[in-house]
Amino acid sequence: MAFRGKEMMKKVLKNVGEKNLAPGLKESLKKCIPDSKVVMGRAKRGLYAGRHIQFGNRVSEDGGNKSRRTWKPNVQEKRLFSYVLDRHIRVKVTTHALRCIDKAGGIDEYLLKTPYHKMDTEMGLYWKSRIEKMYEELGKREVVFFSPEDEARFEQRFKDLKVAERTARRDARRQMSGWSDKQKQIEEGQVKDQLTDEEAAPEQWAANS
């Protein structure tokens, strides 16, 4: 456990070099980097939304004796879908962070709406910077709209593909259950019945005449 803001500031200065920083940039970095209280080391690997380890006293019912104890947040491992990345993100989140994500409308909106100084974990800062960069790239792309004829053609192809998939699944199920052999036997039986009827027809005509 450590003071997360001081630790992150030390890492930034170590990687970049304090001499390479422009004047006034160090103070602006301190405003962006969270200056949070004592947190757990595992908070680096998840979204905790300000919920970290807390300290207090356990008070006995008989004599009121106090003993030190800690409260750890309720952390869950979830798969959250990102529309920008078009895939699921497996991340450890607190129940409070889940409520914040639901209120924001998704993991992308939560990362975009939450300012940097409130994103108090290294993983949150990483995903926030990555989502912002991808949103910026999406904004520069040109949007192309299809004509009504192309949309109708795409829809018809999609329907044909669905029909072909249903037919393939039905044939596979029939083959697994042996229905294809039964169907062949039924068809062969119907053909034999038709042949016997055709063979018996001239005899019936001769008898009637």
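1. Burial. In this predicted model, 24% of the 209 residues of the protein count as buried. As for contacts between residues at least 6 apart in sequence, 48% of them join residues at least 24 apart.

2. Elements. The protein has seven helices and seven strands. Read from the N terminus, the elements follow the order β-α-α-β-β-β-β-β-β-α-α-α-α-α.

3. The sheet. Three strands form an open sheet in the order β3-β7-β6, and the pairing is mixed. Its edge strands are β3 (46-47) and β6 (75-82), each of which pairs on one side only. Between β3 and strand β7 (residues 87-94) there are two bridges, and these two strands pair in the parallel sense. Within this part of the sheet, L47 is placed opposite V93 in β7.

4. Helices on the sheet. Helix α5 (residues 122-140) packs on the sheet and touches β3, β6 and β7. The direction of α5 makes about 150 degrees with that of β7. Helix α3 (residues 95-104) also lies across β3, β6 and β7, and runs at about 130 degrees to β7.

5. The cavity. How many cavities of 30 Å³ or more does a search of the whole structure find? The search finds one. The space in the largest cavity comes to about 40 Å³. The residues that line this cavity are L47, I89, V91, I107, L111, M123 and W127. Elements giving two or more residues to the lining are β7, α4 (107-113) and α5. By type, the lining divides into seven nonpolar residues, no polar and no charged. One of the lining residues is L47, the residue described above as standing opposite V93.

6. Residue R58. Strand β4 (residues 54-59) contains R58. Is R58 buried, exposed or partly exposed? R58 counts as partly exposed because its relative accessibility is 46%, and the partly exposed class lies between under 20% for buried and over 50% for exposed. Leaving aside residues up to four places away in sequence, R58 touches N65, K66, S67, R68 and R69. With R68, the separation is ten residues in sequence and 6.1 Å in space, taken from C-alpha to C-alpha.

Note on methods:
Residues are numbered from 1 along each chain as its sequence is written. This is a predicted model: local features need pLDDT of at least 70, side-chain atom pairs count only at pLDDT 80 or more; totals for chains, interfaces and linings use all residues. Side-chain values use heavy atoms; hydrogens and water are left out. Two strands pair if DSSP finds at least two bridges between them. Helices (H or I, at least four residues) and strands (E, at least two) are DSSP runs, numbered from the N terminus. Contact means heavy atoms within 4.5 Å. Axes are lines fitted to C-alpha atoms, for helices over the stretch in contact, and angles run from 0 to 180 degrees between N-to-C directions. Buried means under 20% relative accessible area, exposed over 50%, partly exposed in between (1.4 Å probe, protein chains only). On a 1 Å grid over the protein atoms alone, a cavity is a set of points where a 1.4 Å probe fits but cannot get out, and a pocket is an open set with protein on both sides within 12 Å along at least five of seven lines; lining residues have an atom within 4 Å of a point. Grid points are joined across faces, edges and corners, and a volume is the space filled by probe spheres set on the points. Ala, Val, Leu, Ile, Met, Phe, Trp, Tyr, Cys and Pro count as nonpolar, Asp, Glu, Lys and Arg as charged, and the others, Gly among them, as polar.
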